Structure formats: structure tokens, C-alpha cells
Amino acid sequence: MDRLYVRLRMAWGILKMRGPSQVQFWFIALAIGIAAGFAALGFRMGIDALQGALYGVDDPNRLHSYAETLDWYWIVLLPVLGGLAVGVILHKFTDDGRVRSVADVIEGAALAEGRVEQKAGLASALASLITLSSGGSSGREGPVVHLAAVMSSWVSDRIKADGITGRDLLGCAVAGAVAASFNAPIAGALFALEVVLRHFAVHAFAPITIAAVSGTVINRLQFGGVTEFSLPEGRLDFYAELPAFLLLGLVCGIVAVILMRGIFWAEDVAGAVQRRTAMPRWMRPAVAGLGLGAMAVFFPHIIGVGYETTSAALTGSLLLHEAIVFCVLKCVALALTMAGRMGGGMFSPSLMVGALTGLAFGIVATAIFPYASGAETLYALAGMGAVAAAVLGAPISTTLIVFELTGDWQTGLAVMVAVSMSTALASRLVDRSFFLTQLERRGRHLAAGPQAYLLSVYSAAVLMRGKDSPNAASREACYDLIAQGVMLSPEATLEEALPVFDRWGHGFIPVAVAGPGGEPQLLGALFHVDALRAYTRALAMTAAEEHS
């Protein structure tokens, strides 16, 4: 045992110094997948346990039915107390009071060598767990994805992983978390590639698949191989109904855009109200919780993840007006949850909104053409995938998640048609997806591709030639340009610098800061050739990684 311990210590030291080899990396991927699976399982069971304690519910999938039996003041009070706890946690452990989510994981993959914030990430996971347990109207998958990313970031820091290895480990963690959350190994692997890494490089496929399978095994050890939703048998007349599913896809695309823009509008309004009233940021989630509690008194369907209502839509157990009303209320509740910075994800709510939209469309379609249509539940299934795919910007993985959630592979053509139309429409009305639009609003231009976001990676301070370095720019020429107002701050990125080169046509731009008397103090100069060389090298490295 002593010799084994010494050898393990030596192997760990070599791994930290030299980085993982291919075989070692696969074992690391397996370990990360297992860890992500346990994280997803623990998060889900934690929500179930806390919901049971707060609402007295035995079956988490029937939460709103139990909530209907509670006194109104308890339904109002729980989200307020949960929001207050969330606000205190985020105020103490984050610098901006914002919950970290899938968008931050995508940003970490693109701009931070596969790393995400670890302290803020753990605080966000705890905040989201409290939100989902106390009446928040969001999903559990987004927080689990970020929690898994925190774990992979810790491993990447321990082994001093480079950018490619760090991103691959991040993809493994995300794949394991998504696969464990949905009992969907295929979709988990493709989600990591399609949404987070945003490429399908061959070198990443094997370890990510290993992680997805291991995460799924963890889920099935606890819950077995059953699907999340059970569907009634339905009939699909493909040739007669395909135009209807094309139209459903367009309707779902519009609904997805309304959902996303409604959330962003609510966030802007909430931010403006907070600034004008000088509300402490830790109070914002509690105020949102009060609004959610007031809604839940009359419509407890908005509480939590919403799988009970989603199942009712997929089995056709709702009437037309119920489907429409619940869809609208879920959109409002989700916007309130997100605007209040309470935490949670987007996937489960988008599944619920999609299923309700599809059911409403199907009820109308089958009523108009009763002899040329199948069951309205098939429209609910297709709508569920169409709205979720448009929100996530992930048509491939979302289609597979829908199949693996329901176990229904016979209606694949209808789902694919609806998904393709919804994503094609929605991606032109927002910046590709909800997450990429979030990043665009923060000034991270990931939706446009590496040719856009790589410009923000390099700053003038990193690329400039110091004023005393060899081949430095002439000081007299630099001060002449500064007198004309042509200069950059050290923090300026290539995104800011290259337009200045184009506008003035100079070979270099001075880099300066304000001195003690307010006069510019020269630090060096950024040369056009150095900026272009760094940008070209970054593009070449990205292309090599994506095609390896």
C-alpha cells in the first residue's frame, strides 16, 4: 500500500508538471463525468428534499398539486424568504450580485481557457438550489452545467491545463452533467460540443462521450432507465401533416423570441427600478419572490421546474384555454425570476412553454382538419423541442434530448421539421440563442464567431512595445500623436485598437495613462503589425483546434 501511494503521488506530480497524455486524459474525463453525474444527482435530490421540507410534497413531479392545498400566505412567504436568502448569498460571494449560468460557461470556453469563476459558481449553485426549492420558476439544468464547469476548472488549475485541454475538460464536465440531468447520454455529448465548445473537433469527441456515458450511469443507478415523460400512442400522417409542423415551427420560433426578449426587457426594467429606488442588490431577489408568490396563489403551476404541467401537456390533459393561459403565465414567471436574479436555468421552462404552445396549436389544427391529422399530443412533443431548440440555439442536441426524455423515436421527422423552422427564425431575431444574446449584452461578441470575439482577448498592455524596448516607437512621434488625441489605454483591446489604425492610418498608436497632473504618461506603443500578427495567430490556433 505504501508503494502504491508513492507511485500515485509520483503520477500526480508528473501529471501536474507535464499535463495529461491521451490515455491519462480519458481517465480524467471519466472521473470528471462521474463527478459531474454525482453533482447533477445531488443537486436534483437536494431540490427534492428541500421542496419536501418547505411544501410538504412527497412527489416532486406533482409540486403544484400539493401547493394548491397550502394556505395562501405560505405560498407567498416561501418565495420571499427564498429570494432573501439568495440575495444575501449572491451579495456576499459575487462581485455583481448576478447568478452564474450557462452563458458564463460558454464565455469561459471561448475566452478563459476553459475556466469559470469558482467561488461565484458555488454560490450561484446554492442560490439556484434555494430558488428552485422555494418557488422560483426556472430550471435545474443550467445551474448543474455551471457547477460541473466549476469542478472542471478546479481540475484544470491543478494540472495546469492549457487552453485546449481546459476546454476539453470543460466539455467533459458539461456532457456528464447534462447526460445525468436528462438520462440522455447522446444529447449530453452533443450539447457540450454544440452549445459550449461550439465545434465538433474529433479529438474532443471520445473523452466527452466517455464523460456523458459515465454521467448517465450515475443517473440510472439512482433512477433506473426510465424516461422523464410518458407519452400516449399517437398517429402521424406525415404527408398531410408536414405543412402543419412547418407552421408550428414558425409559431414556436416567435414564441421563443417573445420569451427571450421578455426576459431581457424585464431585466432592464428591474435594473432601472433598482437604480432609481436605490434598492440594495440583496433585496432584488426577495422582491421578485414576492411577485412570484402572488402569482402562485392563483396559479401554482408556475412553481418550480414545471414537469407536472409539461407532462399534462404531453398527454393532452389540458384544455385549449388552459394551455394558452399557463404558457403566458410561465413566460411571465420566468421573466420575473430571471429579472430578480434568483437563479436557475432556461431549459426546463422552455420545454414547458414549448409543450403548451404545441398542445394549443395541435388542438386547433386537429379541430380544423380532424380527418387529416394525428393526435394533438404529437404537436405538443414537436413544440416542446422547437421552443427549447430556439432558446438554446441547439437544434441537434435539443432534438435528441426530446427523444431521450420521451423514448419516442417514431415521430422524429415531425420534431426535426418544427425544430429546424423555429431555430432558423429565432436565430435571426436574436443573437443566435438566449445565452449568446446574454453575452452580447455584456459586450462579448461570441455569436459572430472567433473572428469577432478573439479581438477582445488581447489588450494593448500585452502587445505593446515598451518605450525603452528595442525597436520602440519614437517618443517625439508618440507625443505628437497624443497631442492629436490619438492614443490607447493599456486596457484597450484589439477590438478598440484596429478601428483606430484604420481611421488614422499610422503604423503605431501610443499607449498612455493619465499622470499625476492629468498629463498623459507614455508607456509604449502598439504597432499595427504586432496587432495583426497576434490576431492572425489566434485565428490559426482556433482553426487548428476546431479541425483537429
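# Pockets, a patch and cavities in a predicted model

In this predicted model, L320, I324, V328, V332, V364, I368 and F369 make up a nonpolar surface patch, with about 600 Å² of accessible area together.

Q: Why is I324 called partly exposed?
A: Its relative accessible area is 43%. Buried means under 20%, and exposed means over 50%. The value for I324 lies in between, so I324 is partly exposed.

Q: Which helices supply at least two residues each of the nonpolar patch?
A: They are α14 and α15. The largest share, four residues, comes from α14.

Q: How do you know which residues line the largest pocket?
A: A lining residue has an atom within 4 Å of a pocket point. For the largest pocket, 39 residues line the space. Closest to its centre are A110, L197, Y453, T542 and E546. The space is about 900 Å³.

Q: Which helix gives the largest share of the lining of the largest pocket?
A: Helix α24 does, with six residues. Elements giving two or more residues include α5 (102-111), α9 (185-197) and α20 (450-453).

Q: What makes up the lining of the largest pocket, by class?
A: There are 23 nonpolar, eight polar and eight charged residues.

Q: Where does the largest share of the lining of the second largest pocket come from?
A: From α11, with 12 residues. Helices α12 (284-298), α14 (320-339) and α15 (347-368) are among those that each supply at least two. This pocket holds about 650 Å³ of space. Of its 30 lining residues, G262, C331, V332, A335 and L336 are the closest to its centre.

Q: What makes a space a cavity and not a pocket?
A: In a cavity, a 1.4 Å probe fits but cannot get out; a pocket is open. The whole structure has four cavities of 30 Å³ or more. The largest cavity has about 110 Å³ of space.

Q: Which residues lie closest to the centre of the largest cavity?
A: They are E141, G142, F191, F347 and L392, of 13 lining residues. Helix α7 gives the largest share of the lining, three residues. The lining divides into 10 nonpolar, two polar and one charged.

Key: Residues are numbered from 1 along each chain as its sequence is written. This is a predicted model: local features need pLDDT of at least 70, side-chain atom pairs count only at pLDDT 80 or more; totals for chains, interfaces and linings use all residues. Side-chain values use heavy atoms; hydrogens and water are left out. On a 1 Å grid over the protein atoms alone, a cavity is a set of points where a 1.4 Å probe fits but cannot get out, and a pocket is an open set with protein on both sides within 12 Å along at least five of seven lines; lining residues have an atom within 4 Å of a point. Grid points are joined across faces, edges and corners, and a volume is the space filled by probe spheres set on the points. Ala, Val, Leu, Ile, Met, Phe, Trp, Tyr, Cys and Pro count as nonpolar, Asp, Glu, Lys and Arg as charged, and the others, Gly among them, as polar. Patches are made of residues with over 30% relative accessible area and no salt bridge: like charges are joined within 9 Å, nonpolar side chains (Val, Leu, Ile, Met, Phe, Trp, Tyr) within 5 Å. Accessible areas come from the Shrake-Rupley method with a 1.4 Å probe; for residues, only the protein chains shown count as cover. A salt bridge is a side-chain nitrogen of Lys or Arg within 4 Å of a carboxyl oxygen of Asp or Glu. Buried means under 20% relative accessible area, exposed over 50%, partly exposed in between (1.4 Å probe, protein chains only).
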